[in-house]
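We will go from stop to stop, and at each one you will hear what to select.

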Amino acid sequence: MKNFLYDPACLEVLDFSSVESKFNPKISVVNPGPHLVVRPLSLSDFDAGYIELLSQLTEVGVVTQEQFIERFNEMKAVPKTYYVTVIEDKTTGEVIGSGTLLVEHKFIHGCANRGRIEDVVISDKYRGKQLGKLIVTTLVLLSKEVNCYKITLDCRDEMRPFYECLGFRKEETNSNFMQMRFS
């Protein structure tokens, strides 16, 4: 049995009926395509190419298996917070897609949750098969399931049309993205 970051049953209850028109042909968590499975990140995904996949998104640096295990366990120790969701090609055993829903537990809005989508990436070998749409839609539905009052993300300008077709909107009165980097 795999050691998952969160309970896979969270994905099984997602209702894709309200979003199935976004997919042609229709795909969902339970039917992502031939030989594909959508599931939580597993401790064994270090050997399934998870870090290499992330390097198609941004600089990852050198991550040892020990570091991966330590970070995985740190995330798992904070339940209902980290929902790293992957797509695996069962024929190769490789992780070919990933996205993260990070849930921030707030005091505002009656102690509500705020969702944040991070680190969405599909392997360059699998792009053009609606898998990016699938992973983002899965995270959006998951955010509703865990009672987030809103979900946000940051993206490059060229990715805005992709996220807009999935229902995300730039907030015109609050579109200032500010950051402070330390490395």
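This is a predicted model: local features need pLDDT of at least 70, side-chain atom pairs count only at pLDDT 80 or more; totals for chains, interfaces and linings use all residues.

Residues are numbered from 1 along each chain as its sequence is written, and side-chain values use heavy atoms, with hydrogens and water left out.

**Stop 1**

Select P8, E12, V37, V38 and R39, the closest to the centre among the 13 residues that line the second largest pocket. Its volume is about 170 Å³. A pocket here is an open set of points on a 1 Å grid over the protein atoms alone, where a 1.4 Å probe fits, with protein on both sides within 12 Å along at least five of seven lines; lining residues have an atom within 4 Å of a point. The volume is the space filled by probe spheres set on the points, which are joined across faces, edges and corners.

Now colour helix 1 (9–12) and strand 1 (36–40), the elements that each give two or more residues to this lining. Helices (H or I, at least four residues) and strands (E, at least two) are DSSP runs, numbered from the N terminus. Strand 1 supplies the largest share, four residues. By type, the lining has eight nonpolar, no polar and five charged residues, where Ala, Val, Leu, Ile, Met, Phe, Trp, Tyr, Cys and Pro count as nonpolar, Asp, Glu, Lys and Arg as charged, and the others, Gly among them, as polar.

**Stop 2: the rings**

How many aromatic pairs does the structure hold? There are seven. Rings of Phe, Tyr and Trp (its six-membered ring) pair if their centres lie within 6.5 Å; planes under 30 degrees apart are stacked, over 60 edge-to-face and the rest tilted. Select Y163 and F168: their ring centres are 6.1 Å apart and their planes stand at 90°, so this pair is edge-to-face. Y163 is buried at 9% relative accessibility, and F168 is buried at 14%. (Buried means under 20% relative accessible area, exposed over 50%, partly exposed in between, with a 1.4 Å probe and protein chains only.)

Next, show F46, Y50, F68 and F72, which ring pairs link into a cluster.

**Stop 3**

Go to T138 in helix 5 (residues 131–145). T138 is buried, at 0% relative accessibility. Beyond its neighbours within four places in sequence, T138 contacts (heavy atoms within 4.5 Å) L11, L14, F16, V29, V38 and T85.

S28 is buried at 12% and touches F16 and L134, not counting residues up to four places away in sequence. Draw a distance between the C-alpha atoms of T138 and S28: they are 110 residues apart along the chain and separated by 8.0 Å.

**Stop 4: the backbone**

Most residues other than glycine have a negative phi, and most peptide bonds are trans. Select N24 and P25, joined by a cis peptide bond with omega of about 5°; P25 is in the loop between helix 1 and strand 1. That loop also holds H35, whose phi is positive, near 65°. H35 is exposed, at 51% relative accessibility.

Finish at D119 in strand 4 (residues 113–122). D119 has a positive phi of about 55° although it is not a glycine, and it is partly exposed at 37%.
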